[in-house]
Amino acid sequence: KITPAMAQAIDETNRRREKQIAYNTERGLDPQPLRKKINDIVATIAREEVDTEQLLGTGYRQAKGAKAPVPTLGIKAGSGKAKGDGAVVTDRPATELAGIIEEMTDRMRAAAADLQFEVAARLRDEVGELKKELRQMREAGLA
């Protein structure tokens with residue numbers, strides 16, 4: 001059974017659809033869905049790894065045994081105190097922050113290898129925030 005509220009919502013959807021189709025036809029537009037290839041996601045993650053290596057000065061894709069283990073500290077991006085100008089001030093030392101970035105980059109790489117691209121993308125975003133924080137520390141002379 002279609003309730004009056006359902007009928008109203010369906011009518012509004014159809015009205016908007018007709019309006020959009022007329023707009024597209026008038027301008028010769030043929031809307032296409034967004035198609036993002038897995039290779040694009042993997043390339044983005046690889047670029048993030050290169051950026052991390054450049055920032056931290058560590059070996060790109062080192063063997064697992066080649067670097068010291070980094071403890072999982074459970075610290076998330078943006079856990080510092082925000083200032084009004086967008087800068088982030090934090091109490092954690094730069095070396096600890098660098099270790100967290102390395103560990104999360106390893107986790108991001110592992111998630112991508114396991115085809116867990118949503119997890120890898122979330123980790124990529126968190127690593128980006130942490131790297132931004134580390135760069136701000138270095139610019140301020142705290143690192």
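Analyst: A crossing of two helices is called left-handed if the near helix is turned anticlockwise from the far one by less than a right angle, and right-handed if it is turned clockwise. This is a predicted model, in which local features need pLDDT of at least 70 and side-chain atom pairs count only at pLDDT 80 or more, while totals for chains, interfaces and linings use all residues. Residues are numbered from 1 along each chain as its sequence is written, and side-chain values use heavy atoms, with hydrogens and water left out.

The part to look at is the pair formed by helix 3, which covers residues 94–113, and helix 4, which covers residues 117–139. Their axes (lines fitted to C-alpha atoms over the stretch in contact, with angles from 0 to 180 degrees between N-to-C directions) come within 9 Å and cross at roughly 160°. Helix 3 and helix 4 are therefore roughly antiparallel to each other (over 145 degrees; under 35 would be roughly parallel, 65 to 115 roughly perpendicular, and the rest oblique). Helix 3 passes helix 4 in a left-handed crossing.

Which residues make this contact, where contact means heavy atoms within 4.5 Å? On the helix 3 side they are A94, L97, I100, I101, M104, T105, R107, M108, A111 and A112, and on the helix 4 side they are F117, V119, A120, L123, R124, E126, V127, L130, K131, E133, L134 and M137. Taken by class, the residues of this contact comprise 16 nonpolar, one polar and five charged (Ala, Val, Leu, Ile, Met, Phe, Trp, Tyr, Cys and Pro count as nonpolar, Asp, Glu, Lys and Arg as charged, and the others, Gly among them, as polar).

D106 is buried at a relative accessible area of 17%, while R109 is partly exposed at 24% (buried is under 20%, exposed over 50%, and partly exposed in between, with a 1.4 Å probe and protein chains only).

For context, the count of salt bridges comes to seven. One of them joins the side chains of R16 and E12 at 2.8 Å, N to O; these residues are four apart in helix 1 (residues 4–27), so about one helical turn separates R16 from E12. R16 is exposed, with 54% relative accessible area, whereas E12 is partly exposed, with 29%. E12, R15 and R16 are linked in a network of salt bridges. Another salt bridge joins R27 and E26 at 3.2 Å, N to O, with R27 partly exposed at 43% and E26 exposed at 64%.

Helix 1 also contains N24, which is buried at a relative accessible area of 11%. Leaving aside residues up to four places away in sequence, N24 touches L29 and P31.

In the chain of 143 residues, 24% count as buried. Among contacts with a separation of 6 or more, 66% are between residues 24 or more positions apart.

Notes. Helix = DSSP H or I, 4+ residues; strand = E, 2+ residues; numbered from the N terminus. Contact = heavy atoms within 4.5 Å. Salt bridge = Lys/Arg side-chain N within 4 Å of Asp/Glu carboxyl O.
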